[in-house]
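Subject: Structure for you to look at

Hello,

Here is the structure I said I would pass on. My notes follow below it.

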Amino acid sequence: MVNKSNLDLGLIGDNIAHYTPINTEFLQNAETKGLDVISGYELFFYQGVHAWAHFVNLPPAENRVRSDLISNGDVA
């Protein structure tokens with residue numbers, strides 16, 4: 001857990017998750033401060049991809065899933 005008041009990253013809620021847009025203002029501000037960041041979207045994406053592979057016992061089709069999400073407008 002990061003104390004947001006020390007980072008001055010802008011107004012954010014205490015218990016929120018943002019997946020879109022992928023590069024949020026929060027992430028941009030963190031990068032400006034020199035922090036290493038990973039988008040919550042990438043965590044969300046790979047959780048779904050790997051869960052699918054686990055339950056259907058097939059290799060994940062990461063490129064297909066990512067392409068479908070983008071073409072359906074599910075990713076900003």
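Which residues does leucine 27 touch, not counting residues up to four places away in sequence? The answer is Ile22, Val37, Ile38 and Ser39. Please keep in mind throughout that this is a predicted model.

Leucine 27 itself sits in helix 2, which covers residues 25–32. Its relative accessible area is 11%, so leucine 27 is classed as buried, the limit being under 20%. One of the residues touched by leucine 27 is serine 39. In sequence leucine 27 and serine 39 are twelve residues apart, and their C-alpha atoms are 7.4 Å apart in space.

The chain as a whole

The chain contains four helices and zero strands, and its pattern along the sequence reads α-α-α-α. There are 76 residues, of which 14% count as buried. Among contacts with a separation of 6 or more, 33% are between residues 24 or more positions apart. The accessible surface of the chain is about 6,100 Å². Carbon and sulfur atoms make up 55% of that surface.

Phenylalanine 45 and what lies around it

A search of the whole structure gives one aromatic pair. That pair consists of phenylalanine 45 and tyrosine 46. The geometry is edge-to-face, with 5.0 Å from centre to centre and 85 degrees between the planes. The two partners can be set against each other by accessibility: phenylalanine 45 is buried, at a relative accessible area of 2%, whereas tyrosine 46 is partly exposed, at 30%.

Phenylalanine 45 also has a charged residue over its face: arginine 66 lies there, at 4.1 Å from the ring centre. Arginine 66 is partly exposed, with a relative accessibility of 24%.

Salt bridges

How many salt bridges does a search of the whole structure find? There are two salt bridges. As background, side chains of opposite charge can pair when their charged atoms come close.

One of the salt bridges involves arginine 66 again, with glutamate 42 as its partner and 3.0 Å between the closest N and O atoms. Because arginine 66 belongs to helix 4 and glutamate 42 to helix 3, this pair ties together parts that are 24 residues apart in sequence.

Aspartate 68 is partly exposed, with a relative accessible area of 30%. Arginine 64 is exposed, with a relative accessibility of 57%.

The loop between helix 3 and helix 4

Helix 3 spans 40–56 and helix 4 spans 62–71. Asparagine 57 lies in the loop between helix 3 and helix 4. Although asparagine 57 is not a glycine, its phi is positive, at about 55 degrees. Its relative accessibility is 70%, so asparagine 57 counts as exposed, the threshold being over 50%.

Leucine 58 is in the loop between helix 3 and helix 4 as well, and it belongs to a nonpolar patch on the surface. The patch is formed by Trp52, Phe55, Val56 and Leu58. Together these residues have about 470 Å² of accessible area.

Proline 59 is also placed in the loop between helix 3 and helix 4. Is proline 59 buried or exposed? Proline 59 is exposed, at a relative accessible area of 66%. Between proline 59 and valine 49 there are 9.2 Å in space, C-alpha to C-alpha, and the two are ten residues apart in sequence.

Regards

Notes. Residues are numbered from 1 along each chain as its sequence is written. This is a predicted model: local features need pLDDT of at least 70, side-chain atom pairs count only at pLDDT 80 or more; totals for chains, interfaces and linings use all residues. Side-chain values use heavy atoms; hydrogens and water are left out. Helices (H or I, at least four residues) and strands (E, at least two) are DSSP runs, numbered from the N terminus. Buried means under 20% relative accessible area, exposed over 50%, partly exposed in between (1.4 Å probe, protein chains only). Contact means heavy atoms within 4.5 Å. Accessible areas come from the Shrake-Rupley method with a 1.4 Å probe; for residues, only the protein chains shown count as cover. Rings of Phe, Tyr and Trp (its six-membered ring) pair if their centres lie within 6.5 Å; planes under 30 degrees apart count as stacked, over 60 as edge-to-face and the rest as tilted. A charge sits over a ring if NZ of Lys or CZ of Arg is within 6 Å of the ring centre and within 35 degrees of the ring normal. Patches are made of residues with over 30% relative accessible area and no salt bridge: like charges are joined within 9 Å, nonpolar side chains (Val, Leu, Ile, Met, Phe, Trp, Tyr) within 5 Å. A salt bridge is a side-chain nitrogen of Lys or Arg within 4 Å of a carboxyl oxygen of Asp or Glu.
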